[in-house]
Amino acid sequence: SLLRAYAKCALLLADKKKSKRPSKNSSSNTRNASATEALARARYILLNHMPAEGMQITNHTCNAVLSGYAALGMGTEAEKLLQEIETLLSQSSSQLSALDTACYNSVLHGFGRERNGVSSAERLFKAMAEQNSLHKATSSITILPPLPDTITYASMLNCYSINRMGEEAYSLVQQIERP
């Protein structure tokens, strides 16, 4: 719940930034830096503190931080964290399973909100659909992404919509409708 609190704190700081009109002072920059700092703290707890204390890293704890990055439109940072989590889990003999679809959907959502994130979203979506590893783990264990679900397709459609890519969205809808 501490990770969720940091992610919520970042979102609240970002919402304050959005609700105020841009001004010439550094107040909005400070809030953005504070939101990023809150997520950096959550990331540190997830990747360093929890393993050091013997706490299990779960899909729920991972997604708490990933969704914070996604909500701020920081898809690239979310993907970096996803890669770090995959590497950490692949080094643990007790945690050989891949992260769930919700974690990957959070990263997709982040790319959808990120400027010029379409190509990264497409790369992630393709890896999920074709069951190809996105990242090479440092050990001999490879973690494959989960198969896409309905939310994955909706996130990809939203990404296309935001970027006014109607033909790509239509093509994806046709893929969904095919048996």
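Biologist: Which residues of α7 are buried?

Modeller: In this predicted model, the buried residues of α7 are T152, S155, M156, C159 and Y160. Buried requires under 20% relative accessible area.

Biologist: What puts them on the same side of α7?

Modeller: Their arc. They cover only 140° around the axis, so they share one side of α7. A general rule sits behind such patterns: an α-helix has 3.6 residues a turn, so residues three or four places apart point the same way.

Biologist: Which residues are exposed on the other side of α7?

Modeller: T150, I151 and S161 are exposed there. The label calls for over 50% relative accessible area.

Biologist: What covers the buried residues of α7?

Modeller: The cover includes α5, α6 and α8.

Biologist: What happens at the start of α7?

Modeller: A side-chain oxygen of D149 reaches to within 3.1 Å of the backbone nitrogen of I151. The cut-off for a polar contact is 3.5 Å between N or O atoms, and the D149 pair falls within 3.1 Å.

Biologist: What follows α7?

Modeller: R164 does, with a positive phi near 55°. R164 is not a glycine. As a rule, most residues other than glycine have a negative phi. R164 lies in the loop between α7 and α8.

Biologist: What is the phi of N116, and where is N116 found?

Modeller: Phi of N116 is near 60°, positive in a residue other than glycine. N116 is in the loop between α5 and α6. At 66% relative accessibility, N116 is therefore exposed by the over-50% rule.

Biologist: How much of α5 is buried?

Modeller: 10 of its 13 residues are buried, and α5 is mostly covered. They are T101, C103, Y104, N105, S106, V107, L108, G110, F111 and G112. The cover includes α3, α4, α6 and α7.

Biologist: How does the reach of α5 compare with the expected value?

Modeller: From first C-alpha to last, α5 reaches 18 Å, close to the 18 Å expected for its 13 residues at 1.5 Å a residue.

Biologist: Why is Q131 called neither buried nor exposed?

Modeller: Its relative accessible area is 29%. That lies between the 20% and 50% cut-offs, so Q131 is partly exposed. Q131 sits in the loop between α6 and α7.

Biologist: What does Q131 touch, beyond residues up to four places away in sequence?

Modeller: L144, P145, P146 and L147. Q131 and P146 are 15 residues apart along the chain, with C-alpha atoms separated by 7.2 Å. A polar atom of the Q131 side chain lies 2.6 Å from the backbone oxygen of P145.

Biologist: What of P51: where is it, and how accessible is it?

Modeller: P51 is in helix α2. Its relative accessible area is 33%, so P51 is partly exposed. Leaving aside neighbours within four places, P51 is in contact with I45, L46, I57 and L88. P51 and L88 are 37 residues apart in sequence and 9.1 Å apart, C-alpha to C-alpha.

Biologist: Which members of the largest nonpolar core touch the most other members?

Modeller: L3, L46, L81, I85, L99 and L124, out of 43 residues. Each of α1, α2, α3, α4, α5, α6, α7 and α8 supplies at least two residues. α2 gives the most, with eight. In general, nonpolar side chains of soluble globular proteins tend to be buried together.

Biologist: What does L46 touch, not counting residues up to four places away?

Modeller: L3, P51, I57, T61, C62, V65, L81 and I85.

Biologist: How many helices and strands does the protein have?

Modeller: Eight helices and zero strands. Buried residues make up 40% of its 179 residues.

Biologist: What share of contacts between residues at least 6 apart joins residues at least 24 apart?

Modeller: The share is 64%.

Note on methods
Residues are numbered from 1 along each chain as its sequence is written. This is a predicted model: local features need pLDDT of at least 70, side-chain atom pairs count only at pLDDT 80 or more; totals for chains, interfaces and linings use all residues. Side-chain values use heavy atoms; hydrogens and water are left out. A nonpolar core is a set of buried Ala, Val, Leu, Ile, Met, Phe, Trp, Tyr and Cys residues joined through side-chain atoms within 4.5 Å. Buried means under 20% relative accessible area, exposed over 50%, partly exposed in between (1.4 Å probe, protein chains only). Helices (H or I, at least four residues) and strands (E, at least two) are DSSP runs, numbered from the N terminus. Contact means heavy atoms within 4.5 Å. The expected span of a helix is 1.5 Å times one less than its number of residues. The arc is that of the directions from the helix axis to the C-beta atoms. A polar contact is a pair of N or O atoms within 3.5 Å; within protein, one must be able to donate a hydrogen and the other to accept it, and residues adjacent in sequence count only if both atoms are side-chain atoms.
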